[in-house]
Amino acid sequence: MSTPREQSDSASTRQPDSRLPPVWGEDTQLVPVAGGHTWLSALACLLFVAALSFLAGPVGALAGIVTAGVWYLLGSPYAFAAGTVLAAPTVPSPVTLLTVTLVGTPLLVLVLAPVATTPYPTGFAAVVLVTTGLLAGGIWLLAEALPIWLLAPTVLGMLGVASYAGHRFLLLQLGLVDDGTDVSTGTDPTTMIDNDS
Amino acid sequence: MKATRRLWGIAGLGAVLAALATVLGRAFPLLGTVFLSAWVLSRQYLFSRATTGLVSALSVNQVPARTLVRTDETTTVTLSATVDRPSKLACFIRTGLPAATDGKDGTVELDPGETAAETTVDVRWPVAGRHEFSQAHVTVSDGLFEQTVPVGETTAVTVQPRGPRNVHVGEGGDQALLAYGEHAADHPGSGVEPAELREYLPGDSASRIDWNATARLDSPYVREYEAETDQETLLVVDHRSALAAGPPAETKLAYLREVALALADSAKRLDDPLGMVSVGDEGITSRFEPTTTPSHYNAIRRTLLDLEPTTDAQADPVSDGSVTLGGLSQVSTVQRPMDGARQSLVALEAGDDQFSTTLQPFYDSQQYYRTHLTDQPLLGAVRTTLARRSGQQVSIICTDDSDPRELRETATLAARNGGQVLLLLAPTVLYETGTVRDLEARYERYVAFEELRRELSHLDRVTALEVGPGDRLGAVLAAGGTQRSPAGGGRS
């Protein structure tokens, strides 16, 4: 596993003849490497440490610090995974709404951190909040009705459906969607152009 | 939109958390899956916005240096990309070269912050036809997602097959208006084209009276018709090794073949009897007696298209008698008696009896003929062919100027037979490749050829025309100066 710095170096020394676009560093090119460790991200990590310390004492603080380290070394996605896995055995059981709010808020801030650097802050924040709200709310509502083994794939399925919808929407915007119209049999050229676009 | 391995890895983290929740029987780990999902979808949103913005601002052009090339030529294709404003995304643009091209695809990378990039690639065009470029393909990626989009306008390149072009037939650089086949009968006869009405004369058959005209003019009239005549034509096509001179597919033979094909088509259209003799380095390679059947014209056409320059290296038919000639079945009928005569002569020379002594002079005459045919195949072929025929036939001889002495003898021999002779000559100087500096020297050689052509044209019943690429002839004449045009006609 390479560090963000190493990944940045590898991006800058890519071969010019390479057919594939380069892979950038810690975050996507749209969320630059330099912006991967913003003050907002750091604040989110501190909040996470504080929240786990409040909920589980020193053990929780230790889990929070480890999570912050993972964030610093591997990036936000791995920090989500590490933080959740470490929080699961440390937070008191049963899990209450307060617990979820205290653990989830710093992670939500971490997801939202690039809003300060992205060129599309409004849409970005809207997507994050709507996605988080829908999925978290859905889990909260369905947890009573569905067993966990059914709930887990349901969440993954919702992610897949949402991602595929975004994919199709992009194709539509780029005019790459074949709507099944046989342009060779059409009679109105204007209509055919509109169909393609 | 394609997910990269990095994105699949992150999605796998979400799946691991979901599996952990299932194993532990607690919903808490699903919280991580939720945030990972939000993270993925938010990045997907950013990528979509940036990609649509970049593609709308991107202008890609792929411009071939030439849109009209010849087969196996190499041209350059320039791929350029400009974007109105710098983008945070890098893109990789690939040309949409047609499939029937040889060469590496042109690619340019437009890195983040850059607004223009350009590259030029060499492309070879081995296949003739019109080749449409497809749109250039832009691949955009942010490290998590990747999308390829066709952008820009398409263009096309027309690839012409190599072969004779701008075929010039003329004299002294001037185009000759050669209207082969249109021949007036100059006397009335039993044709179908009405010629004139004349008053009935005693002795005319009553069946020849035009009753409509007679009723209209109130006295008997007879309608005369133009007589239909046939112009028997013999095409002599030289395809010896000297006719191989010239660039590939643009040899002397290729140009002469084009003219010969046109003459054959004209003869077919006018229903004139057409014969053909092709002459290689060893002598006659194919022979067609003049007839007018459609299959006959087609056979001549096929033979013309199949003709290739022969080589001196081919086996001498006189020496071993086992040569395989590239002609039709008629070749064997010509060669076999000669081979038989040669074998008989060898047998007679070996014998001293009276029978051999008596027959020796007859075989000696054939021996002389055969030697002559070997030394001067064109002259021998014309002599052999015309010896069988006489009358008002037209002999069209397609050859070059590599052996002026044989050419003079051939033209003289053909004209002596009584018919018209048309010499179609490929000047060697027009088929040589060289630098621009050679042009003046070439002009002098062209003048020498023109003198030979005029000398041949001055022979009775002989017309000599040059056949060659018009553009090269123009270049040679331009090098010598149009005021010194050998035609002396003040060409413009």
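Guide: Buried area is the accessible area, taken with a 1.4 Å probe, that two parts lose on being put together, summed over both. The model discussed here is a predicted one.

Visitor: How much area do chain B and chain A bury between them?
Guide: The contact draws 59 residues from chain B and 64 residues from chain A. Of the area buried between the two chains, 75% lies on carbon and sulfur atoms, and the total is about 5400 Å².

Visitor: How many residue pairs in polar contact does the rule find across the interface of chain B and chain A?
Guide: For salt bridges across this interface, the rule returns zero. For polar contacts, where both residues must be at pLDDT 80 or more, the number of residue pairs found between chain B and chain A is four.

Visitor: Which element gives the largest share of the side of chain B that touches chain A?
Guide: The elements of chain B that contribute two or more residues to this side are α1 (5–24), α2 (30–57), β5 (90–94), β9 (136–141) and β10 (145–151). By class, the side of chain B that touches chain A holds 31 nonpolar, 16 polar and twelve charged residues. The largest share, 23 residues, comes from α2(B).

Visitor: Why is one side of each of β3 and β8 of chain B left without a neighbour in the sheet?
Guide: These strands belong to an open sheet of three strands in chain B, with the order β3-β11-β8 and mixed pairing. Both β3 (68–70) and β8 (129–132) stand at the edges, so what each of them has is a single partner strand.

Visitor: What is the average twist from one strand to the next in the sheet β3-β11-β8 of chain B?
Guide: The sheet is open and its pairing is mixed. From one strand to the next, its twist averages 30°.

Visitor: Which residue of β11(B) is the bridge partner of B:V69?
Guide: Strand β11 of chain B covers residues 156–160 and runs parallel to β3(B), to which three bridges join it. In β11(B), B:V69 has as its bridge partner B:V159.

Visitor: And which residue of β11(B) is the bridge partner of B:H131?
Guide: Here the pairing is between β8(B) and β11(B), which is antiparallel and extends over four bridges. In β11(B), the bridge partner of B:H131 is B:V157.

Methods
Residues are numbered from 1 along each chain as its sequence is written. Chains are lettered from A and ligands numbered from 1 in the order in which they are written. This is a predicted model: local features need pLDDT of at least 70, side-chain atom pairs count only at pLDDT 80 or more; totals for chains, interfaces and linings use all residues. Side-chain values use heavy atoms; hydrogens and water are left out. Two strands pair if DSSP finds at least two bridges between them. Axes are lines fitted to C-alpha atoms, for helices over the stretch in contact, and angles run from 0 to 180 degrees between N-to-C directions. Contact means heavy atoms within 4.5 Å. A salt bridge is a side-chain nitrogen of Lys or Arg within 4 Å of a carboxyl oxygen of Asp or Glu. A polar contact is a pair of N or O atoms within 3.5 Å; within protein, one must be able to donate a hydrogen and the other to accept it, and residues adjacent in sequence count only if both atoms are side-chain atoms. Ala, Val, Leu, Ile, Met, Phe, Trp, Tyr, Cys and Pro count as nonpolar, Asp, Glu, Lys and Arg as charged, and the others, Gly among them, as polar.
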